[in-house]
Amino acid sequence: MATIDASQNVFLPASLDDARIQDMPLAAYYIPNFLSADEERALLDKIVSVPRPRWTQLTHRRLQTWPSELIQNRLVDAPLPDWLNKPVVSRLQSIPVSPDGLAGHIFSNSPHSRPNHVLVNEYPPGIGIMPHKDGAAYHPIVCTVSLGSSLVLDIYKSKDDGALDPSPVYRVLQEPRSLLITTEGLYTDYLHGIADVEEDLDLSETTVANWGLLRSKQPFVEGRNSRGTRTSLTYRDVLKVTKLGNKFSILQKR
Ligand SMILES: O=C(O)CCC(=O)C(=O)O
């Protein structure tokens, strides 16, 4: 039984078990209506209105890092701003992992029992991100909220010789207002990336791991997704947190 705020078009599962991506052997979850359209709009408005120095401009993409960039894999202790906490973090903490509630929520076993770090990535159509792993700085759980437009996240496995196998082993279609959670082995053993394409092609029940969990298959019935600008918020728990007084000793060691 789902927790529903139908007036807001928010539909949360009773537990993450109901949102499990069954085609993936390692735990991953997809919730299509995690945010309402109003919440999506408010987040996008906030993201574009932050002072310009908050953005890091990369060659084709720009990003914000909250509350701050890591220094030697450490976060200087600071709270996330309210607009990144509510509704996303509070909602993440409200969904039990299993129906009996014994396992708590998705961050119950992380060092700070909540995400303490958020990357905001903005992808214009045609722009993605190279396949990569997220590394040792974080607890191995990533919660990704998608805003604005749909796109496909590709998940890759390295070959035995360490080279990247260029064909993704899984493809996850992320709709605007959705939440994707990847955990454990998917985080540590696999790479993830987004292709530099203006259209995601060959989308179907057999090629998209979360096809059965999509809010609507209608936009993709021809097997295509024409991308608009998609913004993602990736929530993670940074393992090592330094109190402000110690920041200067970290900087001295750089
Ligand atoms: O935007 C996304 O969905 C992926 C972002 C990503 O790969 C990362 O932050 O490491």
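Among contacts in the protein chain (heavy atoms within 4.5 Å) between residues at least 6 apart in sequence, 76% join residues at least 24 apart. The model is predicted: local features need pLDDT of at least 70, side-chain atom pairs count only at pLDDT 80 or more, and totals for chains, interfaces and linings use all residues. Residues are numbered from 1 along each chain as its sequence is written, and side-chain values use heavy atoms, with hydrogens and water left out.

The protein chain contains four helices and 17 strands. These are DSSP runs, numbered from the N terminus: helices are H or I with at least four residues, strands are E with at least two. The radius of gyration is 18 Å, which agrees with the value near 18 Å for a compact globule of 254 residues. It is taken over C-alpha atoms, and the globule rule is 2.2 Å times the number of residues to the power 0.38. The C-alpha trace spans about 55 × 40 × 40 Å along its principal axes. Buried residues account for 50% of the 254. Buried means under 20% relative accessible area, exposed over 50%, and partly exposed in between (1.4 Å probe, protein chains only).

Strand β11 covers residues 170-174. Five of its five residues are buried, so the strand is largely enclosed by the rest of the structure. Tyr170, Val172 and Gln174 point one way, Arg171 and Leu173 the other. Strand β10 (residues 151-157) runs antiparallel to β11, and five bridges join them. Strands pair if DSSP finds at least two bridges between them. Leu153 has Val172 in β11 as its bridge partner.

Glu39 sits in helix α1 (residues 37-49). Its relative accessibility is 18%, so Glu39 counts as buried. Beyond neighbours within four places in sequence, Glu39 contacts Val10, Phe34, Pro87 and Arg91. Pro87 belongs to helix α2 (residues 82-94). The peptide bond from Lys86 to Pro87 is cis, with omega near 10 degrees. Another cis peptide bond joins Trp66 and Pro67, with omega about -5 degrees. Pro67 lies in the loop between β5 (62-66) and β6 (74-76).

Gln72 is also placed in the loop between β5 and β6. Gln72 is not a glycine, yet has a positive phi of about 50 degrees. At 45% relative accessibility, Gln72 counts as partly exposed. Asp202 likewise has a positive phi, near 60 degrees. Asp202 is in the loop between β14 (199-200) and β15 (225-226). With 53% relative accessibility, Asp202 counts as exposed. Most residues other than glycine have a negative phi, and most peptide bonds are trans.
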